[in-house]
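Welcome! Have the sequence and the 3D view ready, and let us walk through this model together.

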Amino acid sequence: MLQTRTLGTQGLAVSALGLGLMGMSQSYGTPEERDERESIATIHRAIELGVTFFDTAEAYGPYKNEELLARALKSVKGQRDHVVIATKFGFRFDTNGIIAGMDSRPEHVREAIDGSLRRLATDRIDLLYQHRVDPAVPIEETVGAMADLVREGKVRFLGLSEAGEQTIRRAHAVHPISVLQSEYSLWERNLESHIIPLLRELGIGLVPFAPLGRGFLT
């Protein structure tokens with residue numbers, strides 16, 4: 001079994017390796033080249049190997065990636081309580097499913113999370129990230145809405161993605177932030193000078209995305 005890591009100081013425990021699902025629904029290859037059976041088989045194999053941490057977002061697809069994870073977990077009975085589902089909000093989409101801008105207004109946060117819960121076929125999101133910081137909405141308002149969802153039991157832990165120092169401090173003052181997700185690898189080191197020391201100061205975990213340089217480093 002894989003080792004585990006505790007992210008933040010609120011009790012979020014995950015496998016040392018997580019599985020990011022974005023590429024199963026977008027960005028890599030054409031829709032015709034994507035194979036749902038292979039994607040679901042990959043998720044199932046990850047579970048067999050001890051992976052408990054699965055990362056998706058409403059923007060991946062959009063929407064299709066969350067639905068894919070739900071189908072994968074549904075076909076492996078009893079797994080929902082043994083995995084950590086992380087998803088993200090923060091964009092609005094046009095009628096063609098194309099990102100049309102950012103939207104982290106409190107009313108949109110609630111609308112987005114209700115949609116994610118429905119697509120994921122679950123009663124709670126283990127880790128909810130703001131996908132990208134919305135400059136039009138004070139972070140205090142957004143995190144306040146996220147904190148309401150924690151109190152209601154719809155969300156367990158909160159995270160930010162690609163946030164800067166002051167945003168992290170301001171968010172953490174409203175409600176404990178357990179995780180920052182940002183790109184970090186052998187060829188992307190920009191977190192080391194300021195962000196990582198800040199995370200250590202505040203007791204926030206780091207989830208690096210693209211740790212293998214989007215495959216180039218392998």
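## Starting near one residue

Leu212 has its place in the segment after E11. Here strands (E, at least two residues) and helices (H or I, at least four) are DSSP runs, numbered from the N terminus. The model is predicted, so local features need pLDDT of at least 70 and side-chain atom pairs count only at pLDDT 80 or more, while totals for chains, interfaces and linings use all residues. Residues are numbered from 1 along each chain as its sequence is written, and side-chain values use heavy atoms, with hydrogens and water left out.

Leaving aside neighbours within four places in sequence, Leu212 is in contact with Leu217 and Thr218, where contact means heavy atoms within 4.5 Å. Val14 is 198 residues away from Leu212 along the chain, and the C-alpha atoms of the two are separated by 19 Å.

## The sheet

Now look for the open sheet of 7 strands, in the order E3-E4-E5-E8-E9-E10-E11 with parallel pairing. Two strands pair if DSSP finds at least two bridges between them. Strand E3 (18-20) and strand E11 (205-209) are the edge strands, each pairing on one side only. From one strand to the next, the twist averages 25°; angles run from 0 to 180 degrees between N-to-C directions, and axes are lines fitted to C-alpha atoms, for helices over the stretch in contact.

Strand E10 (residues 179-183) runs parallel to E11, joined by 5 bridges, and Gln181 has Val207 in E11 as its bridge partner.

## Helices H1 and H2

How do helix H1 (residues 36-48) and helix H2 (residues 64-74) pack, and at what angle? They pack at about 60°, with their axes 10 Å apart. H1 is therefore oblique to H2; angles under 35 degrees count as roughly parallel, over 145 as roughly antiparallel, 65 to 115 as roughly perpendicular and the rest as oblique. Glu36, Ser39, Ile40, Ile43, His44 and Ile47 in H1 meet Leu68, Leu69, Arg71, Ala72 and Leu73 in H2.

The buried residues of H2, among them Asn65, Leu68 and Ala70, pack against H1, strand E4 (53-55), E5 and H3. In the loop between H2 and E5 you will find Gln79. Gln79 is buried because its relative accessible area is 19%. Leaving aside neighbours within four places in sequence, Gln79 is in contact with Ile47 and Leu73.

## Helices H4 and H5

The axes of helix H4 (residues 139-151) and helix H5 (residues 165-174) come within 9 Å and cross at roughly 40°. H4 is therefore oblique to H5. Ile139, Glu140, Val143 and Gly144 of H4 make the contact with Thr167, Arg170, Ala171 and Val174 of H5.

Key: Buried means under 20% relative accessible area, exposed over 50%, partly exposed in between (1.4 Å probe, protein chains only).
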